[in-house]
Every structure is written in structure tokens, then in C-alpha cells.
Amino acid sequence: MQINPFETAKAQLELAAETAKLDKNKIERLKYPDRYVEVSIPVKMDSGEQKIFTGFRSQHNNARGPYKGGIRYHQDVNLDEVRALSFWMSFKNAVVNVPFGGGKGGIIVNPKELSAGELERLSRGFVQKIYPIIGPETDVPAPDVNTTGQIMGWMLDEYQKCSGNKSMATFTGKSLDNGGSQGREEATGFGGVYVFEEVIKSKAVNLAKDSSIAIQGFGNVSTFFAKKAFESGYKIVALSDSQGGIYNSDGLDLDKVFVHKKSTGALKDFAGAKNISNSELLELPVDVLVPAALENVLTGDNAAKIKAKLIVEMANGPTTPGADMVFASKNIAVIPDILANSGGVCTSYYEWYQNMNNESWSREQVLEKLSAQIKQAFADVLEQKNKYNCTFRTAAYILAAQRIIEKM
Ligand code: NAD
């Protein structure tokens, strides 16, 4: 059965609203984005032929500040997904207390099938259609799945041309030589480890320092999470990419894994580990599971087979409400995406702030601020969890909904 992420988002909010008896009218309003648009983008292909692509931008809520959220390029992007992701961004920004609302965008395209020139024309074409509704104090897009600092650079240039507004702050996630921030690349993965360490310190979940960790994914978020956790002395026992995973219960030597992936292009067949499938990775006998690749990987079908004591959601929306119910009944703690992966948007806020104020912070300054901001967010969520005796997810939603409602 196809799981609709927008329905998942609404179900998560309803549970929080019931638990904390939140204002019904405000909650009803929060279930729907303020606005979403669908645009058609004509692109001249290298062959000379014209092709029409479809793009979306959803602006969920701006009570706390400009709409903020990435733009993804994927062949399966659809309006419900973009609406759900914009909804999650409002809540994520509120949990981590950055002064932004929630937005998200996407284009239906497999970017690997386009040449660099076609990709640039598509990116500029999208901005030509949405520039009237974005801007540094209106809606601030960023990269997401399959979009890069280079793409943000093209989009910013096109925005400046179309609108006449020369501010660098309309897009974040830009490259360093084009107004980007130090520390952005590693922020999401590192932020996840900062949260993980707070969970251990708080004793909300009883875990030893040599706990075993399995991570699904080997991209931006997952590799920086793995690097930081490995450096801090944690034992990474499994990793995976789209072609499958590797597992060694004694721990993987991460430096050697990077060399292997670089030379072969895949994780599989790494010496000193056995090959496993992505679904086997999720069900390993580990202490900590970190889904950091895709949505809807933990569902009612596999939740009962999960053996981890703690799940740190680094991907957006990896757990369905059905799986959440199973985890709650088995006392498996889930650190929700809107808290665990909020390091990325924190640093996007720092980039926006630096652009708006013509400042340039060092990597150390950025990571120090990030660590303090994420630790505070964890403490605020824990307070709600203890107050309402609920899951981390429901506590995070209660905290965020209260903060948004206050501004509404
Ligand atoms: P990425 O493209 O850099 O990495 C994705 C990884 O997933 C790759 O290693 C890929 O091989 C792997 N993968 C693809 N298909 C798979 C499959 N079927 N099974 C297992 N692995 C598979 O993406 P990313 O930026 O690391 O983002 C990962 C997740 O984190 C997404 O859900 C994204 O929305 C979320 N996220 C990213 C950021 C950020 O700053 N990049 C911030 C917040 C949330």
C-alpha cells in the first residue's frame, strides 16, 4: 500500500494535539499549507527539442518567520510529498527555535538524465516561475535530494535578475565562494550525533558508550553522522547504500570503508564485513538504528522485527504511524526527524543571518552555535516528554505546535 506522507504528518500532529489539548481551530489550520503552486517549466533540451517539466512550491506556515525549505529533484516528487515536507519544515524550525516557517519545493525530473546545461536551464526556468513568491523575507529555498550548491547558485543568479533584489539571502546551501556558510555540509549529520549524545547523557534510553550503531545510507547525512560518531568512539557495525549494506558485529573501520567506497563505487564486498540487504540492516541486533536515506522504511510490516533500543531518524519521514505504535508498545525510543536532522536548517539559518548582516563566521563558530542550539532543543523536547509522559515525537510536535500557535 502506498503511504501518503501528508496523511502521516497530519496523524502525527493530531496525536500531539490530543495529548496536550491544543487549540482545535489552530491545529486544523496547521494541517494545511497556506499556499502551494504547481508550475510548468519549458526547457530547451540539447537536442533542440522543447520539454515541459512540472515543479511545485508549498508554503506551509510563516507565523514564526519566512517560509523555509529545500527544493528536491526526483522523478517521483508529487504535490502531497512536497506539502508534507513543507509541513515538517514548519515543525522542525519551531522545535529547534529558528525564526522561520515551513516551505518545500520539487521538480519531477531525474537529474541524472540531464546534461549540465539542461539542468541549469531547468533550475533557472523554475525560478522564473516562482520568483514573485520567494525572497529573503518571504520564502527562502535550499538544496534537498539531488540539488546542490551549484544549483542554488544558478537559482540565486536568476532570482536576482528577475526580481532586481541583489540580496544573497534568498537561497541557502550555496557554495562557500558564493555566500554559503562554513559548516553547512556536515551540519545535519553532526547535529544528529549531538542529539544522540544528549539522549545518552539524559539516560532517557539506557545505552553504554560501546553501543552498536547501524546506519542506513552512505550519503551526505549518513556519512557525516558516521564520521562524528566514529570519532567520538561509538561502534558503527553496519552501513548501506542503494546497492546494499555491510555488517561486522565487532565494528567497521570507517576510514577503510571510505577508501573501499571511493575505489569501487559501492559498499558491498568490503573486506572484513559481510554483505547484507537494506532490509536486513534495519532488523540487525543492534542498540541504535539510524535510518538516514529514505522515507517510509520502518512500517507496520517490519516494525515488530526491529531490535534496536533507540532509533535516530536522520532521514525525513522514515517511520510510518503504524510502526510508531509498535515501537511505543515495545519501548523503543524514536528521536523524530524534526529534532534529529534539524542541524541542516539551523545552519541554513546561520547562512541567511550572515548574508542579511554581511558577516562571515568560522566553522568553529558555526559548529559551536549548532551544538548549543540542538542541545537546547533536546532539553525543551525532553521537558514536554516528561510533562505529558509521551513519545519523543509527540513531545516534539507539542513543543513546535505551541510555539507556532503562540505566534499565530
Ligand atoms: P544523499 O543523496 O546524499 O544520500 C542518500 C543515501 O541513501 C545514499 O547513500 C544512497 O545510496 C542511499 N540510498 C538510496 N536509495 C536507497 C535504498 N533504496 N536503500 C538504502 N539506501 C539508499 O541524501 P542526504 O542529503 O544524505 O539525505 C538523506 C535523507 O536525509 C533524506 O531523507 C533527506 O530528506 C534527509 N535530510 C537531509 C538533510 C541535508 O542536510 N542533506 C537535512 C535534513 C534531512
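Which residue in S2 does Pro42 stand opposite? In this predicted model, Pro42 stands opposite Ile52 of S2.

The protein chain contains 14 helices and 12 strands. Its radius of gyration is 21 Å, close to the 22 Å given by the globule rule for 408 residues, so the chain is as compact as a globular protein of that length. Taken along the principal axes, the box filled by the C-alpha atoms is roughly 55 × 55 × 45 Å.

Strands of a sheet are held in pairs by backbone hydrogen bonds, and the pairing is either parallel or antiparallel. In the present model, 5 strands make up an open sheet with mixed pairing, and their order is S1-S2-S4-S3-S5. Strand S1 (35-44) and strand S5 (139-143) lie at the edges, each pairing on one side only. Neighbouring strands of this sheet are turned against each other by 25 degrees on average, direction ignored. Helix H4 (residues 116-130) packs on the sheet and touches S1, S2, strand S3 (67-74) and strand S4 (102-108). The direction of H4 makes about 140 degrees with that of S1.

Within the sheet, S1 and strand S2 (residues 50-61) pair in the antiparallel sense, and 10 bridges join them. Besides the pair of Pro42 and Ile52, Lys44 has Gln50 in S2 as its bridge partner. S1 and S2 form a hairpin, with 5 residues between the two strands. In the turn of this hairpin, Gly48 has a positive phi of about 100 degrees.

At least two lining residues are supplied by each of helix H10 (321-329), strand S12 (333-335), helix H13 (363-388) and helix H14 (392-407). The largest share of the lining comes from H10, with 3 residues.

Conventions:
Residues numbered from 1 in each chain as written. Predicted model: local features only at pLDDT ≥ 70, side-chain atom pairs only at ≥ 80, totals over all residues. Heavy atoms only, no water. Pairing = 2+ DSSP bridges. Helix = DSSP H or I, 4+ residues; strand = E, 2+ residues; numbered from the N terminus. Axes fitted to C-alpha atoms, helices over the stretch in contact; angles between N-to-C directions. Contact = heavy atoms within 4.5 Å. Rg over C-alpha atoms; globule rule 2.2 N^0.38 Å.
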